[in-house]
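Here is a short tour of one protein model and its ligand. Have the coordinates open and follow along.

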Amino acid sequence: MNREVFKPNKEFSKSARIKNMCEYQDLQEYALEDYEGFWGSYAKEKLEWMQPFTNVMNESNFPFVKWFEGGKLNVSVQCIDRHLKSRKNKAAIIFEGDRGDKQIITYLELYYNVNKFANLLKNEFDVKKGDRVIIYMPMIPEAAYAMLACARIGAIHSIVFGGFSAEALKDRVIDAGAKVVITADGAYRKDKPYMLKPVVDEALRGETPVKKVLVVERNGEDVTWVAGRDYSYNELIKHQSGKCEPEVMDSEDPLFLLYTSGSTGKPKGVQHNSAGYILWAQMTMEWVFDVKENDTYWCTADVGWITGHTYIVYGPLAMGATTIMFEGVPTYPDAGRPWKMVEEYKVNQFYTAPTAIRVLHKTGENEPAKYDLSSLKVLGTVGEPIDPPAWKWYYEAIGGSKCAIVDTYWQTETGGHIVSPLPGATPIKPACATFPLPGIMAEILDENGNRAEVGEKGLMCVTRPWPAMIRGVWGDEERFVKSYFGDVKKDGKPVYFTGDGAIYDEDGYITITGRTDDVINVSGHRMGTAEVEAAIKKHPNVAEVAVVGKPHEIKGEGIFAYIVLKSDSGIADEVEEVKAINKVIQKEIGNIALCDDVVFVVGLPKTRSGKIMRRILRSIAKGEEITQDISTLEDPSIVATIASAVQSCR
Ligand code: WTA
């Protein structure tokens, strides 16, 4: 496992917040020795409290942990109001539209826009503290205003990624019990308008708790307006006052829900609360990206995912940074688009997913050389393991061999990064998330709860609760406990298990090896195989289905479906059948879950008790030789039959 080591850039380290590994170790020791002292002092220093907290953490009802009890604050104040003294004319958000249109929104403008939006929700739609609001929006500044407006009035937002279908949106609307949906007519992609509002209309057909829909008019295309339900943001906002008193929130009042895939069942509404989440969002922005006052920071995620929440909106704004929001796709009009933007805005920190790096590398290898990328200081990756060739191109062609690459490991549930290099301190090994961040007791454990041996794959855990840890699964306490605290115990006590495997190398570096459950990672998007299976099963011709992940050159993982058709389905044309199955997926989940491979088989490898042996299916999908013991299968010969069906599709 010996890998080349890249030392931090000396010039950069001099002014970094954490300058070397000694400073890192001191911080980690401080946290180990005095956990509450560590977190309490940062919470005091970093957060704008309306009323100070009286207790740092309360674990008495573990795993339902409370942080900063007694404290009162408002996250929108942390992100906006507190900056008005020194940064009112600083750019808070720089927006670049798909077609090159630009907007610079200063902190003072952000203040007015969010206050008006908050008043609109409060006064016109009667949204109150604790109400749930679904946001189904493109990447436009109004999406950020909507989030912060909810935070200001104490409403709990739940963003649904714009690529999800009407069915998926409806499920989330109902599960969250949302009163309001905020959407847009649509937006632009590759210079063409696309639509969102019709998806909302379809999602709200039939019984739903939604009373009002707010529509931001972005692309001006015709949409249907339902009288008494749908309202134009562009109209209503004109009449709102620019001052809305922030709701006084408890530290543990919920800030948002974000639905994410688990290994079983429907997506779960991951709940994050106010103080702990915003504290860690800000601290990781400062430590991991080391953004300085005059820097321009760009994260290319979508606000529909946790990365967009923490590292486009909440983290950068909490620390008073300038954050770029980009509506378009990175390869349009060509694969030089991001580099052109880096040059133009003199971007200092750039944060993206390995899939994007692979696409940009493959489709525009020589594009970076056409632009001046010298402003860059820190490059980040997130969402999936990055492979060494992509890492190397990122480091050399984009970073000019002088920027640290922070391979940030985290999840929707962790709120912010948990394992990541520090750009001024950590000697980096390519494609390696390196060490736990200060304050995070992340440890690779074996199944017995002992620290994993060097080189042995173990379970990526966090052994103490931290402020930004998931607070619950909306409406399902039991699922929260079972999903995250059921599997691994250390010293007899349950610990948080991420669902990922990981390995220590001889220097204690952590490499994430990927999910150990039935969650797959497609282009850095998390997808439950059970969800895709449930969608496919809705097709009337399907008798049985098993979905697995398969390595994919660009996407990291692709979706591979084994389907057993009903004997009376009378399929004449397999190509048409695959199309029909993908149509069902499109309807139930959205385009992000379309299958890369569909193979029709006569049966699935099952044990005598009826359990599908997915490991065998994964091996076949990869084209690997089957080394597992198949003698326990009900019908061992099925393995060869399936393998030859897969072969003949290649
Ligand atoms: C994976 C995205 C390897 C992991 C922030 C995790 C990673 C899942 C990395 C969470 C990384 C995230 N290296 N794998 N640096 N970062 N993952 O909830 O499997 O959308 O469990 O959050 O992405 O995906 P989620």
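This is a predicted model: local features need pLDDT of at least 70, side-chain atom pairs count only at pLDDT 80 or more; totals for chains, interfaces and linings use all residues.

Let's start with C299, which counts as buried at 2% relative accessibility.

With a cut-off of 2.5 Å between cysteine sulfur atoms, the count of disulfides in the structure is zero.

## Salt bridges across the chain

Side chains of opposite charge can pair when their charged atoms come close. A search of the whole structure turns up 49 salt bridges. One of them joins the side chains of K46 and E286, with an N to O distance of 2.6 Å. The pair ties together distant parts of the chain, 240 residues apart: K46 sits in helix 3 (residues 35-46) and E286 in helix 11 (residues 274-289). K46 counts as buried at 15% relative accessibility, and E286 counts as buried at 9%.

Next, look at D230 and K197, whose side chains meet in a salt bridge at 2.8 Å, N to O. Here strand 12 (residues 230-232) supplies D230 and helix 9 (residues 197-203) supplies K197, 33 residues apart. D230 is buried at 7% relative accessibility, and K197 is buried at 0%.

A further bridge links D597 with K550, the closest N and O atoms lying 3.4 Å apart. It connects strand 32 (residues 597-600), which holds D597, to strand 30 (residues 542-552), which holds K550, across 47 residues. D597 is partly exposed, with a relative accessible area of 24%. Elsewhere, E96, K102, R337 and E344 are linked in a network of salt bridges.

## Around the ligand

Now turn to the ligand, which is surrounded by 17 residues, the closest being D407, T408, T412, D500 and R526. The shell divides into six nonpolar, six polar and five charged residues.

A ligand nitrogen is 2.7 Å from a polar backbone atom of T408, and a ligand nitrogen is 3.5 Å from a polar backbone atom of E384. An oxygen of the ligand lies 3.2 Å from an N or O atom in the side chain of N521. Taken alone, the ligand exposes 520 Å², and the protein buries 96% of that. Helix 12 (306-319), strand 20 (404-408) and strand 27 (510-515) are the elements that give two or more residues to the shell.

Technical notes:
Residues are numbered from 1 along each chain as its sequence is written. Side-chain values use heavy atoms; hydrogens and water are left out. A residue is near a molecule or strand if one of its heavy atoms lies within 4 Å of it. A polar contact is a pair of N or O atoms within 3.5 Å; within protein, one must be able to donate a hydrogen and the other to accept it, and residues adjacent in sequence count only if both atoms are side-chain atoms. Accessible areas come from the Shrake-Rupley method with a 1.4 Å probe; for residues, only the protein chains shown count as cover. Helices (H or I, at least four residues) and strands (E, at least two) are DSSP runs, numbered from the N terminus. Ala, Val, Leu, Ile, Met, Phe, Trp, Tyr, Cys and Pro count as nonpolar, Asp, Glu, Lys and Arg as charged, and the others, Gly among them, as polar. Buried means under 20% relative accessible area, exposed over 50%, partly exposed in between (1.4 Å probe, protein chains only). A salt bridge is a side-chain nitrogen of Lys or Arg within 4 Å of a carboxyl oxygen of Asp or Glu.
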